[in-house]
Amino acid sequence: MQIGLEHYLVVSALLFCLGLLGVVTRRNLLVIYMSLELMLNAANLALVSFSRFNNNLNGQIMVFFIITVAAAEVSVGLALIVALYRKRQTAHVEDLTTMKL
Amino acid sequence: MGLPDILFYVFAALTLLCGVLVIANPFSRNPVTSAMFLVLTIISMAGLFVLLHAFFLAAVQVLVYAGAVMVLFLFVIMLLDLKEEERRRIKTFGLITGLVAVGAIMTIFVKTIRVTKPDGNLSPPTLEGEPAALGKLLFTQYLLPFEVVSVLLLVAMVGVILLSKKDSK
């Protein structure tokens, strides 16, 4: 059977579900962040495969921008986690339920 | 079945396996292990990008994600002392909620992929994602977003410096 668009979409959907499961079940802020990256990557894979099978380069440009924005997002998020850790000495979501620092 | 098809299955299996090990590693609950498996996931996904003829994006994926972003992650993991995280267990309630959410979104995905049957006369893909074509598009049609992204990176950099600076007061 020829590898087509659906194959890549199935991989992308499974990867997205894995990321979602990680975000909901894990309790460590850093692992939650990694699961978010997994979800972003799943979206990237879907976009690249759409781009390839529609003969349209715009999808790849979109992925390029997503990677750039994700890098900025990760740096800001990790800085926030470090700042939070300095105040509260924890990176565990169940210890971070109050809004007041 | 040609070599690209076999390679697709190899890379897809590797991506999903390492993805599982990122979120639920039965041997270790250390965030460093998760980060290492995330690196493997990203690299095998770069392999999938190569199979999709997106060569430039595969290179960028390895350079930016596996290089820069994961080094940042590891740096922060080393910075924070997360010894006690290993002892905690996953709550059953969280697991049930997660499975329900994943089941719901999986249903949507399956239905979507089922509905959008590709028509048989779709021409075989000829697109090549080499840097020249991508760069040409990036510097003509997408020039404004490109410049906006550079401003965004600058803003992120200033923000990170401000956030992670120690309070001198």
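Predicted model: local features only at pLDDT ≥ 70, side-chain atom pairs only at ≥ 80, totals over all residues.
Biologist: What is the relative accessible area of A:Asn55, a residue that is partly exposed?
Modeller: Residues are numbered from 1 along each chain as its sequence is written, with chains lettered from A and ligands numbered from 1 in the order in which they are written. Buried means under 20% relative accessible area and exposed over 50%, with partly exposed in between (1.4 Å probe, protein chains only). A:Asn55 is partly exposed because its relative accessible area is 32%.

Biologist: What is the phi of A:Asn55?
Modeller: A:Asn55 sits in the loop between α2 (29–53) and α3 (58–88) of chain A; helices (H or I, at least four residues) and strands (E, at least two) are DSSP runs numbered from the N terminus. Most residues other than glycine have a negative phi. The phi of A:Asn55 is positive, near 55°.

Biologist: Which loop of chain B holds B:His53?
Modeller: B:His53 also has a positive phi, near 60°, and is not a glycine. It counts as partly exposed because its relative accessibility is 23%. Its place is the loop between α2 (31–51) and α3 (55–79).

Biologist: Is A:Arg52 buried or exposed?
Modeller: A:Arg52 is found in helix α2 of chain A. Its contacts, where contact means heavy atoms within 4.5 Å, include B:His53 and B:Pro125, leaving aside neighbours within four places in sequence. Because its relative accessibility is 9%, A:Arg52 counts as buried.

Biologist: Which residues of chain A lose the most area to chain B?
Modeller: Three residues together account for 11% of what the chain A side buries. They are A:Arg26, A:Met34 and A:Arg52.

Biologist: Which residues of chain A does B:Val160 touch?
Modeller: B:Val160 lies in helix α6 (residues 143–164) of chain B. Its C-alpha atom is separated by 42 Å from that of B:Pro125, 35 residues apart along the chain. Not counting residues up to four places away in sequence, B:Val160 touches A:Ser75, A:Val76 and A:Ala79.

Biologist: How far apart are the C-alpha atoms of A:Thr90 and A:Leu29?
Modeller: A:Thr90 lies in the segment after α3 of chain A and counts as buried because its relative accessibility is 6%. Residues up to four places away aside, it touches A:Tyr85, A:Asp95 and A:Leu96. A:Leu29 is 61 residues from A:Thr90 along the chain, and the C-alpha separation is 9.3 Å.

Biologist: What is the radius of gyration of chain A?
Modeller: Chain A has three helices and zero strands, in the order α-α-α. Its C-alpha atoms fill a box of roughly 55 × 25 × 15 Å along the principal axes. The radius is taken over C-alpha atoms, and the globule rule is 2.2 Å times the number of residues to the power 0.38. A compact globule of 101 residues would come near 13 Å, but chain A has 17 Å.

Biologist: How far apart are the mean positions of the positive and negative charges of chain A?
Modeller: Lys and Arg count as positive and Asp and Glu as negative, with His and the chain ends not counted. Each charge is placed at NZ of Lys, CZ of Arg, CG of Asp or CD of Glu. For the 7 positive and 5 negative charges, the mean positions are separated by 11 Å.

Biologist: What percentage of the residues of chain B count as buried?
Modeller: Chain B has six helices and zero strands. It exposes about 10600 Å², of which carbon and sulfur atoms supply 74%; accessible areas come from the Shrake-Rupley method with a 1.4 Å probe, and for residues only the protein chains shown count as cover. Of the 101 residues of chain A, 60% count as buried. Of the 169 residues of chain B, the buried part is 33%.

How values were computed. Heavy atoms only, no water. Buried area = accessible area lost by both parts, 1.4 Å probe.
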